[in-house]
Amino acid sequence: MYQIEPYFSDENTVVVVMACSDAYLPYCSVTLWSVIRHASQDRKYDIILFSCQVTKRHQRILQQMAEPFLNISIRFVEMGPYISSCSLYTRDYYHPVIYARLCMPDLMKGYKKAVYLDADLVVLCDIAQLFDQQLQGSLLAGVRDSGMIAWYGIQEHIEQVYIDTCLHLKNPYAYINTGVLLLQLEKIRERYSAGFFMEYASSRRWRWQDQDIIMTLFAGKTHLLDAAWNVLVCAEQDRNKIARSLPKSLAKEYKQAYRHPNILHFAGNGFLQLQRETDYEDVFWMYARESPFYEIILKRAMAKGCEDVYNRKKEKTAQQRKRLLHLPFRIIFDRIFPKGSAYRKKLIKQYYIHRYFRSSVKEERKPWTYVKK
């Protein structure tokens with residue numbers, strides 16, 4: 001396996017790893033620019049992008065962002081050959097390159113630790129503050145996934161059934177979001193190889209993909225960071241729903257972090273498609289305007305906004321019809337199997353397992369071919 005050597009000889013270098021496909025690169029540039037904007041002149045920053053089929057032209061454009069800064073290096077590592085041979089399940093808009101972070105320990109044997117960042121973040125402080133944190137003997141550090149934990153607290157919710165039935169986590173309230181991670185690469189290498197990670201990833205149809213893999217392998221070996229290091233951005237009504245569903249102590253931490261974030265995570269926001277109000281969207285666009293891909297991001301947002309207006313009207317009508325059709329059956333079901341009854345729980349559990357939690361991944365894998373660009 002190809003080895004990535006440290007770019008700077010300084011042991012105090014801040015190491016940052018990201019992963020993205022060519023389609024996601026414009027948004028990755030926003031995250032990257034926010035890191036550069038807050039970087040200290042007294043530190044060196046070795047930034048490595050695990051990429052898949054990113055064109056040479058786009059690589060050059062992104063690397064030019066760091067040219068004025070002698071203490072910042074940006075390099076690309078093509079991950080297509082490593083992941084194309086594996087049966088890696090993806091859904092929605094996700095690309096198999098998200099699994100590349102599992103290869104970090106083996107690819108980066110010259111590094112002791114690194115920060116991993118998703119490509120839909122905005123960093124609001126020097127990332128060195130996160131890199132310098134002590135993990136107190138843990139293998140990695142991350143922030144609780146407030147959305148997932150909120151769902152887990154809702155009776156009969158699909159995520160509650162999934163976590164209990166498929167992941168078997170001893171402490172579901174320690175479930176983390178892997179968009180921001182601090183990894184002890186040296187210690188992880190002692191336990192797991194990249195080959196093991198890829199085989200484990202290919203073994204089943206993980207609902208939340210690499211995140212579930214990390215949770216099941218590192219449960220009990222994870223240090224919980226302050227919630228401010230990964231604040232999931234959403235609309236106000238969604239934020240209030242999350243806060244109401246969280247345990248009181250976590251809700252307080254969540255609200256405090258939301259007011260004073262270190263990193264904003266715009267997961268599931270359709271990159272602010274202009275038709276929907278989202279918290280902190282002004283911050284995202286402030287950094288996006290300084291990205292070399294700003295026009296592409298804006299054009300996509302406008303197109304998405306127009307598409308959503310049409311789809312929302314269509315979806316609203318379909319949902320109303322569906323609700324009217326299902327209402328009589330739901331009333332009968334609730335009367336025969338009251339909420340909280342043991343038999344109802346069994347039925348719902350079996351329904352989710354049959355429809356969503358199939359263990360085999362090979363027949364469901366989205367086909368894609370690695371083509372060198």
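Cys 125 is buried in this predicted model, with a relative accessibility of 10%; buried here means under 20% relative accessible area, exposed means over 50%, and partly exposed lies in between (1.4 Å probe, protein chains only). Cys 103 is likewise buried, at 1% relative accessibility. The structure holds zero disulfides, a disulfide being a pair of cysteine sulfur atoms within 2.5 Å.

The model is predicted, and local features need pLDDT of at least 70, side-chain atom pairs count only at pLDDT 80 or more, and totals for chains, interfaces and linings use all residues. Residues are numbered from 1 along each chain as its sequence is written, and side-chain values use heavy atoms, with hydrogens and water left out.

Two cavities of 30 Å³ or more are present in the structure. A cavity is a set of points, on a 1 Å grid over the protein atoms alone, where a 1.4 Å probe fits but cannot get out; lining residues have an atom within 4 Å of a point. Grid points are joined across faces, edges and corners, and a volume is the space filled by probe spheres set on the points. The largest cavity contains about 150 Å³ of space. It is lined by 14 residues, of which Val 143, Arg 144, Ser 146, Ala 227 and Tyr 254 are the closest to its centre. At least two lining residues of the largest cavity come from each of strand 6 (140-144), helix 6 (146-152), strand 9 (231-232) and helix 12 (248-259). Helices (H or I, at least four residues) and strands (E, at least two) are DSSP runs, numbered from the N terminus. Helix 12 supplies the largest share of this lining, with four residues. The lining of the largest cavity comprises ten nonpolar, two polar and two charged residues. In this classification Ala, Val, Leu, Ile, Met, Phe, Trp, Tyr, Cys and Pro are nonpolar, Asp, Glu, Lys and Arg are charged, and the others, Gly among them, are polar.

The second largest cavity contains about 70 Å³ of space. Its lining consists of Arg 101, Leu 102, Pro 105, Leu 140, Leu 183, Ile 188, Phe 197, Ile 214 and Phe 218. By class, eight of these are nonpolar, none is polar and one is charged.

Asp 210 belongs to helix 10 (residues 210-218) and is buried, at a relative accessible area of 5%. Leaving aside residues up to four places away in sequence, Asp 210 touches Ile 98, Tyr 99, Arg 101 and Thr 178, where contact means heavy atoms within 4.5 Å. The C-alpha atoms of Asp 210 and Phe 197 are 9.8 Å apart, and the two residues are 13 residues apart along the chain.

In helix 2 (residues 56-63), the buried residues are His 58, Gln 59 and Leu 62. These lie on the same side of helix 2, because they cover an arc of only 105 degrees around the axis; the arc is that of the directions from the helix axis to the C-beta atoms. The buried residues of helix 2 pack against helix 1 (25-37), strand 2 (45-52) and strand 3 (72-78). Exposed Lys 56 and Arg 57 are carried on the face of helix 2 turned away from its buried side.

Most residues other than glycine have a negative phi. Gln 53, which is not a glycine, has a positive phi of about 60 degrees. Gln 53 is found in the loop between strand 2 and helix 2 and is buried, with a relative accessible area of 14%. Gln 136 also has a positive phi, near 50 degrees, and lies in the loop between helix 5 (128-131) and strand 6. At 69% relative accessibility, Gln 136 is exposed.

Note on methods. On a 1 Å grid over the protein atoms alone, a cavity is a set of points where a 1.4 Å probe fits but cannot get out, and a pocket is an open set with protein on both sides within 12 Å along at least five of seven lines; lining residues have an atom within 4 Å of a point.
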